[in-house]
Amino acid sequence: MGNKIFVSYKYMDSMVKDIPYKKDEGLTTARHYVDEIQKLMSSTQHIYKGEDDGEDLGTLKDSTIGSKLGDKIFDSSVTIVLISKGMKEEVDEKEQWIPWEISYSLREQSRLGGRSKTNAILSVVIPDEFGDYSYFMTKNQGCNSITYKTGILFQILRDNMFNHRNRNENIRECNGSIIFEGEPSFISIVDWDSFKANVSFYINKAIEIKKRINEYEIVKKIK
């Protein structure tokens with residue numbers, strides 16, 4: 001049985017790798033990667049629950065947008081967060097949609113006729129305009145590990161990464177660096193190329209982590 005998937009992303013972030021076969025002209029944006037996710041899901045049982053391309057929420061009041069997005073998140077069980085180079089604006093994080101969507105995804109919501117549980121959350125890293133991931137992640141071949149620059153992320157993303165309650169009990173050292181083994185983060189991380197090669201694997205991985213939610217120190221509020 002498939003899962004209902006909500007995707008959180010910065011719509012107009014153009015600091016992403018070009019998709020030559022995109023259907024419209026102009027700069028590639030994070031929105032085009034959402035289109036690609038929809039295509040990838042068409043060959044799986046998963047169901048996309050985000051807004052459709054051309055559904056212009058930007059013309060609506062914030063309260064209306066929040067209601068519409070809340071409805072979509074409430075009806076989903078997995079949230080994919082697209083990490084892109086220009087995802088953050090130079091304004092308070094409480095005034096940006098991605099932190100709100102993550103916070104809403106993490107909370108348990110009660111509504112007439114039903115209650116939603118905390119979503120599984122997967123972060124997918126999009127290559128930048130140079131086709132590079134190093135703005136956020138660097139593979140360390142000698143140590144068989146990856147270094148993540150979590151400082152560039154929204155606080156609520158950082159708070160829910162490397163937040164396993166026993167993360168310090170499953171570590172190793174390599175070339176002077178501490179490396180966390182296993183699944184140290186409630187919000188797991190995968191690069192775009194790996195994700196598109198095996199969509200269901202990484203979605204199911206996030207779901208398995210969510211089943212062990214009590215092992216993680218979850219932060220649900222925007223600071």
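Predicted model: local features only at pLDDT ≥ 70, side-chain atom pairs only at ≥ 80, totals over all residues.
In what follows, Ala, Val, Leu, Ile, Met, Phe, Trp, Tyr, Cys and Pro count as nonpolar, Asp, Glu, Lys and Arg as charged, and the others, Gly among them, as polar.

Residues are numbered from 1 along each chain as its sequence is written, and side-chain values use heavy atoms, with hydrogens and water left out.

**The overall picture**

Let us start with the whole protein. It contains 6 helices and 11 strands; these are DSSP runs, numbered from the N terminus, with helices being H or I of at least four residues and strands being E of at least two. Of its 223 residues, 45% count as buried. Here buried means under 20% relative accessible area, exposed means over 50%, and partly exposed lies in between (1.4 Å probe, protein chains only).

Tyr9 sits in the loop between β1 (4-8) and α1, and it is buried, with a relative accessible area of 9%.

Helix α3 (residues 97-106) is also worth a look. Because 8 of its 10 residues are buried, the helix is largely enclosed by the rest of the structure. Its buried residues are Ile98, Pro99, Glu101, Ile102, Ser103, Tyr104, Ser105 and Leu106.

**The disulfide and its loop**

A disulfide is a pair of cysteine sulfur atoms within 2.5 Å, and by that rule the structure has 1 disulfide. Cys143 and Cys174 are its partners, with an S to S distance of 2.0 Å. The link joins distant parts of the chain, 31 residues apart: Cys143 belongs to the loop between β7 (137-140) and β8 (145-148), and Cys174 to strand β9 (residues 171-174). The torsion about the S-S bond is about -85°, so this disulfide is left-handed. Both cysteines are buried.

Asn144 lies in the loop between β7 and β8. In contrast to the buried Cys143, Asn144 counts as exposed, at 67% relative accessibility. Its phi is positive, about 50°, although Asn144 is not a glycine.

**Charged pairs**

Side chains of opposite charge can pair when their charged atoms come close. A salt bridge is counted when a side-chain nitrogen of Lys or Arg is within 4 Å of a carboxyl oxygen of Asp or Glu. The whole structure has 14 salt bridges, and the table shows some of them.

| Salt bridge | Closest N and O atoms |
|---|---|
| Asp35 and Arg31 | 2.9 Å |
| Arg172 and Glu181 | 2.5 Å |
| Glu215 and Arg212 | 3.6 Å |

Asp35 and Arg31 are 4 residues apart in helix α1 (residues 30-41), so about one helical turn separates them. Both of these residues are buried. For the pair of Glu215 and Arg212, Glu215 is partly exposed with a relative accessible area of 32%, and Arg212 is partly exposed at 30%. Elsewhere, salt bridges that share partners join Lys4, Lys49 and Asp75 into one network.

**The largest pocket**

On a 1 Å grid over the protein atoms alone, a pocket is an open set of points with protein on both sides within 12 Å along at least five of seven lines, and lining residues have an atom within 4 Å of a point. Grid points are joined across faces, edges and corners, and a volume is the space filled by probe spheres set on the points.

The largest pocket has a volume of about 760 Å³. It is lined by 29 residues, and the closest to its centre are Ser145, Ile146, Tyr148, Phe162 and Phe180. By class, the lining has 13 nonpolar, 10 polar and 6 charged residues. At least two lining residues come from each of β7, β8, β9, β10 (177-180), β11 (188-191) and α6 (199-211).

Phe162 is placed in the loop between α4 (155-159) and β9. Its phi is near 55°, a positive value in a residue other than glycine, and at 26% relative accessibility Phe162 counts as partly exposed.

Note on methods
1 Å grid on protein atoms, 1.4 Å probe; cavity = no way out; pocket = protein on both sides within 12 Å on 5 of 7 lines; lining within 4 Å.
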